[in-house]
Amino acid sequence: MKRYSIGIALMLLMAGCSKMQDAGPLNQLTEGLVFDSTDRNGFYAEQYVNDIYASLPNGFNRIDGNLLDAATDDAVTSQDGTNIDFLTKGFLNSSLNPDDAWAKNYAGIRKVNLLLAKIDVVPVPAKIPFWKAEARALRALFYFELVKRYGGVPLVGDALLNTDAPANFKRNTFEECINYIVSECDAVKGLVKTDPLSSADYGRMSAGVVLAVKTRTLLYAASPLYNGGNTGITAEQKLVQGYAAYDAERWNKAAAAANELITGGKFSLEATFNNVFINRKNAEVILAFLRPVTSDLETNNGPVGYAVAGNGNGRTSPTQNLVDAFPMNNGLAITESGSGYSAASPYTNRDPRLANTVLFNGASWLNRPLQTYEGGLDKPNKNTTQTKTSYYLRKFLGNFATQAQYSNQNHNFPIFRYAEVLLSYAEAANEYSGAGTSIAYTQLKAIRKRAGIAAGADNNYGLKANMTQTEMREAIRLERRLEMAYEEQRYWDARRWKIAEQAFNTQLGGMKITNTAGVLTYEKVPVQPIRFTAPAMYFYPIPFSELSKNTNLIQNAGW
């Protein structure tokens, strides 16, 4: 089932409307048809439940044709004058925000509340408890998507609101929102289905998904931005933008939630990193935004120098900043003594995830080596959109090294996956217990082993032994950046860690490659700056349209 592309848009008529003799197109269904006491199979009600999933995050080229990571230090857009500039150049304001998710998530919450209010009339008692539970789990995730952007938002309970809502609600505190999301996860985790990988329930809000929502929520809540880290703002703003004071126990709660998911035994790391993103059903992806098979990621992001049948638009240019962050295949940073890095052959013997994340000069693609040297087929320097950094996106794309042209692939956006849970467990345990806890070492080594990094004589996969808490913190943050690149993690991680004012106020770079009679020379060059305005940009502004409709809302600091 193309679960998230059904698109029922209810025309919310009065509840007592008569049933249509001919249902007609799904986008013309009325409330009375969907929640129908004579529908013995619950067909339309199930379509309505499926339609709620359309409000899940889908991160592929969603910001005016760009990945959200093009607003970080990991990528730049190859296009000029797109809306991503509002996030990268400090143009963001309460009226212009290309990532404004307020209306979308409250629309999802409204769908859930309507289902909870109306579903009991449908004569399918065996299905209704599962539908209610997964709808509540979806609502918890929608609230998390709001809270990570805006801080505390109005909690509307089960209230049925009109499409312009929430009207006249005040913002709940950050703490109240976190408590609500966690309590909903705890309430439904035993009511949803388990985690089958081969049944028709794949892709739904299962017990593992609920724990993943809880884990990420608690991890964010424990992080520096929210955990007593907001200073220099009004008392009222401080309550909606985080906790009033730091509490280390919040890290312990996040670690416990991650450990509960891990010990449940339902998920595991895939054997091959790239297979995580192209195998439709696998044991690592806990929840994905399900999409029909397409080749749109390849045509949006693939290299530009191929024939029409295989041509890409090259919209995403990975940065040198990210490429340099990948270690060697012995796990050592390229700047470390003994790493084996060569500036004359910069992509040789690197962490295998680099080649699975970034397409670089000489990489095999569509039956030929990529040419991103100056004047090469994939960087012709003519009046065309092309890479700005000499790199193209590789992650998420199908295996087209030896294919003649693109074909349809499974491109489901990973919302939660097991590797993130391991990293969250490592981070929370290290922050709570300190001194490079063994839990953190165990998780990082598992991820590096799967990546293909050599174990080394000490079996540490390039990790320094006996790290301090600070050293381990930096190791975890680096691993998260590399492992989760382009999955909409870096953008939010830099904010919750409160490092965005350093990481996103910097010069982004690329590689200038010169081909002289077949001899390549490499020069790291600046490409463009990125700007982050602190402290305002740590939180999004409440949309001006919402403030105009509801005078009870207070704006976030700096806006």
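Buried means under 20% relative accessible area, exposed means over 50%, and partly exposed lies in between, with a 1.4 Å probe and protein chains only. By that cut-off Arg490 and Asp73 are buried, and the two residues form a salt bridge. The structure is a predicted model, in which local features need pLDDT of at least 70 and side-chain atom pairs count only at pLDDT 80 or more, while totals for chains, interfaces and linings use all residues. Residues are numbered from 1 along each chain as its sequence is written, and side-chain values use heavy atoms, with hydrogens and water left out.

**Salt bridges**

- The structure holds 42 salt bridges, a salt bridge being a side-chain nitrogen of Lys or Arg within 4 Å of a carboxyl oxygen of Asp or Glu.
- In the pair Arg490 and Asp73, the closest N and O atoms are 2.9 Å apart. This pair links distant parts of the chain, 417 residues apart: Arg490 lies in helix α17 (residues 490-496) and Asp73 in the loop between α2 (43-52) and β1 (75-77). Helices (H or I, at least four residues) and strands (E, at least two) are DSSP runs, numbered from the N terminus.
- Lys214 forms a salt bridge with Asp186, with 2.7 Å between the closest N and O atoms. The partners are 28 residues apart and link distant parts of the chain, Lys214 in helix α7 (residues 207-222) and Asp186 in helix α6 (residues 174-188). Lys214 counts as buried because its relative accessibility is 11%, whereas Asp186, at 34% relative accessible area, is partly exposed.
- Asp324 forms a salt bridge with Lys524, the closest N and O atoms being 3.0 Å apart. Here, too, distant parts of the chain are linked: Asp324 is in helix α12 (residues 320-325) and Lys524 in strand β10 (residues 519-530), 200 residues apart. Asp324 is partly exposed, with a relative accessible area of 23%, and Lys524 is partly exposed at 43%.
- Salt bridges with shared partners join Glu284, Asp351, Arg353, Lys395, Arg417, Arg448, Arg450, Glu479, Glu483 and Glu487 into one network.

**Packing of α7 and α9**

- The axes of α7 and helix α9 (residues 249-263) come within 8 Å and cross at roughly 160 degrees. Axes are lines fitted to C-alpha atoms, for helices over the stretch in contact, and angles run from 0 to 180 degrees between N-to-C directions.
- α7 and α9 are therefore roughly antiparallel to each other, a term for angles over 145 degrees.
- The contact (heavy atoms within 4.5 Å) involves residues of α7 including Leu211, Lys214, Leu218 and Ala222, and residues of α9 including Trp251, Ala254, Ala258 and Leu261.
- The residues of this contact divide into 11 nonpolar, 2 polar and 4 charged. Ala, Val, Leu, Ile, Met, Phe, Trp, Tyr, Cys and Pro count as nonpolar, Asp, Glu, Lys and Arg as charged, and the others, Gly among them, as polar.

**Burial of α2**

- α2 is mostly covered, with 8 of its 10 residues buried.
- The buried residues of α2 are Tyr44, Ala45, Gln47, Tyr48, Val49, Asn50, Asp51 and Ile52.
- The cover over these buried residues includes α1 (31-34), α4 (102-118) and α5 (128-150).

**Leu397**

- Leu397 is found in the loop between β7 (392-393) and β8 (413-417) and counts as buried at 0% relative accessibility.
- Not counting residues up to four places away in sequence, Leu397 touches Asn274, Ile278, Leu297, Glu298, Trp365 and His411.
- Leu397 and Tyr461 are 64 residues apart in sequence and 27 Å apart in space, C-alpha to C-alpha.

Key:
Parallel < 35°, antiparallel > 145°, perpendicular 65-115°, else oblique.
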